[in-house]
Every structure is written in C-alpha cells, then in structure tokens.
Amino acid sequence: MPDPDPAALEAALARELLLLVHHHADADSVGSAIALAAAFPGARISATDGLSAAGRVMAERLEVEIEERPPESWDGTLIVVDTSNPEHCAPLPECESVVVIDHHQTPGKWPAGTLLVHESTAKSTAEIMTRLLAQLGVVLTPEMALPLLAGVYADTGHFRHATRDSFEVAHTLAAAGGDPREAMILLDRVRPQAQRALFLKAAQRLKFSQEGKWLLATTRTGSFESGTARLLVILGADVALAASGNKKGQVRLSSRASSAIIEAGLNLAQLLETLADEQGGSAGGHPGAAGFQAQGDPDALLAMARQGCVAKLKSLDEGA
Ligand SMILES: [Mn+2]
C-alpha cells in the first residue's frame, strides 16, 4: 500500500486525538476506534450519526463512551476509521491534521494533506489497525485485541470472506489476549422486535426475478437496509437491493451479493458508484456489499439500481 510517511504519521498521532467512526458505525469501525483509543489514552471517540446495533452493543459491553457529536473543530489530530468517503461521517470537524484508516474500495475526497492509510485488499479496518499498531511499536493488550478481533469476525462474515492476512491478524490478536469466544459473544445480540417486524414487512414487499441463471431480489423498507439486503441473500437471492426513503427526500440503498455471483465478477460497489455518477449522491463499499445514498424517489432509484444489475448480469452470463 502507498503508506503515508511514517514520520508524518507519528507526528500526527503525537497530538491530541479525536477518533471518528462512520454513520451507523459497525463493529469494525467501533472496534478499531476502541482499540486505537486504548493504545493512545486520552483519545476521544465520536460518532456523527449514531452507531449500528452491533457497534452500540460493543461499546456498551466494553464500557467505552462514544460521544454523539464531535466538536465543530479540533486542534489536535482527527482520525477517521473505516470510512471511505467524508460524506459517510459528515459533518467532519474542522481540523488541520486528518488521518483516515480504511479498507473500502475507492477513497473519496478528503481535505488536502490528509494522511491516508488505505488498503482495499484488507477485509477489515481492524486488520489494518492491528498491523499499524505493531508498526508504531504499540504492545497489544487484551483491551485492544478483543474489539479488533470482533471487528475481524464481523467484517469477514465470521471468516467466510477471510484471507490469509485475516487469519494471520486473528492469530496475532488471539495471542495478545483477544479471546475468540469472547469476541463472538461481543457480537451476539437478539434483534429488537421492532427491527424484526421491519424485516418481515420488507419480506412482504419483496419482488424477485430470474435473470439468466441469477436470482435478483429488491424490496422497500423503512430502515435497516443493509440487514434487509443481507437477509434476502440468506433467503436465496444472488443479488439483493433494499431501499428506504424519508420525508426529507433522502434515499438510502443497500446491496448484498452471494459468493457465487461475486466470484462470477459482479461488483456492487462499482455498480452503485456508476449510479451515483449518473444520478448524484454518493456510493461506496465492496464487491459483495455496497451502499448508495442520494436525494430523490426511493422507488425510482431502486428501479435504476435494479436495471444496472440486470444489464450487468446479462453481460456476466454472455461472458461465461
Ligand atoms: Mn469495515
């Protein structure tokens, strides 16, 4: 990876640290931030648009405070974890020294001078963070290793998408006192009934079609788009798209794909980035899991994303 200059990074980390997680921060983002804060005592962690259920449960169980709003400006260094695009953690506090540590595909436009620790081949930010802490000479403690290991579990889909590097990092973390069983328990949760009801409603509105040899499912939901899309893939879809819209005209769309179709060459991040280029808004993610947000009509944007998928699936089948 094109590492930032180690001396510049060390100088940035020597200042007072404010860590920022992405909107609806997941276990990888929260776990990486908690570990970094444990390595640099005094560092504050802040969110800008809440935590996901997994992120919240992790912070609660580890008794780590995550501020609901960052200060408007910061004199030290701002470290953004697990975020490809500044829009996904907006509003960004004003700060002259910014570091971004991330593993999503395409980094967005960060302020000039931002130090980017970016590895798109890493399956989790926790993996990058583990290596980075070692490079900085930090001795991993169980307080750092446990949330990092949970981050690796979460972002590798409990090692289904793990690489050799993920296992190597997991071994390092387990050896440093991150107990694998405890990391699993840290992620365990029963979804609240209201959330399960939303999933069932989304299932009622589900539409699907067969495109060549692939099953494509779409649905509208009130919230939890990514969980919804993930569950549709578990039900049997090769590609699932779930969209929500609110009264302010904000649309969120999340997508998930089966391993078979990712293997065949589908890249959801690319697909949604194309949609964002054409329709405005922003997109990011990975080949098998990507998101898109914009202003507009959720049904229309969902239909466009679906059309993009159909065209891509055709070309996959023809190429095969
Ligand atoms: Mn991540």
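**Chatting through a predicted model**

Student: Leaving aside its neighbours within four places in sequence, which residues is Leu-149 in contact with?

Tutor: Setting those neighbours aside, Leu-149 is in contact with Ala-170, Leu-173, Ala-174, Gly-178, Pro-180 and Ala-183. "In contact" means that the C-beta atoms, placed from the backbone, lie within 7 Å. Keep in mind that this is a predicted model: local features need pLDDT of at least 70, side-chain atom pairs count only at pLDDT 80 or more, and totals for chains, interfaces and linings use all residues. Numbering starts from 1 along each chain, as its sequence is written.

Student: OK, and how many residues are in the largest nonpolar core?

Tutor: That core has 59 residues, and Leu-19, Ile-79 and Leu-149 have the most contacts inside it. Apart from it lies another core of 34 residues, including Val-233, Ile-261, Ala-283 and Ala-294. A nonpolar core here is a set of buried Ala, Val, Leu, Ile, Met, Phe, Trp, Tyr and Cys residues joined through C-beta atoms within 7 Å. Buried means 20 or more other C-beta atoms within 10 Å of the residue's own (12 or fewer is exposed, in between is partly exposed), with C-beta atoms placed from the backbone.

Student: Switching to H4, how many of its residues are buried?

Tutor: In H4 (residues 125-135), 8 of the 11 residues are buried, among them Ile-128, Met-129, Leu-132 and Leu-133. Helices are DSSP runs of H or I with at least four residues, strands are E runs of at least two, and both are numbered from the N terminus.

Student: What do those buried residues pack against?

Tutor: Helices H2, H5 and H6, plus strands E3, E4 and E5. Just after H4, Gly-137 takes a positive phi of about 80°.

Student: And which strands are joined to E9 by bridges?

Tutor: Strand E8 (residues 239-245) is joined to E9 by 7 bridges, and E11 (residues 289-295) is joined to E9 by 7 bridges too. Both pairings run antiparallel. Strands pair if DSSP finds at least two bridges between them. Val-239 has Ala-257 of E9 as its bridge partner, while Ser-255 stands opposite Ala-290 in E11. Also, 7 of the 8 residues of E9 are buried.

Student: Last one: where are the domains?

Tutor: The domain assignment, which is automatic or from a database, gives domain 1 as 6-187 and domain 2 as 194-319. Their C-alpha centres lie 27 Å apart, and 7 residues of domain 1 are in contact with 6 residues of domain 2.

Terms used: Contact = placed C-beta atoms within 7 Å.
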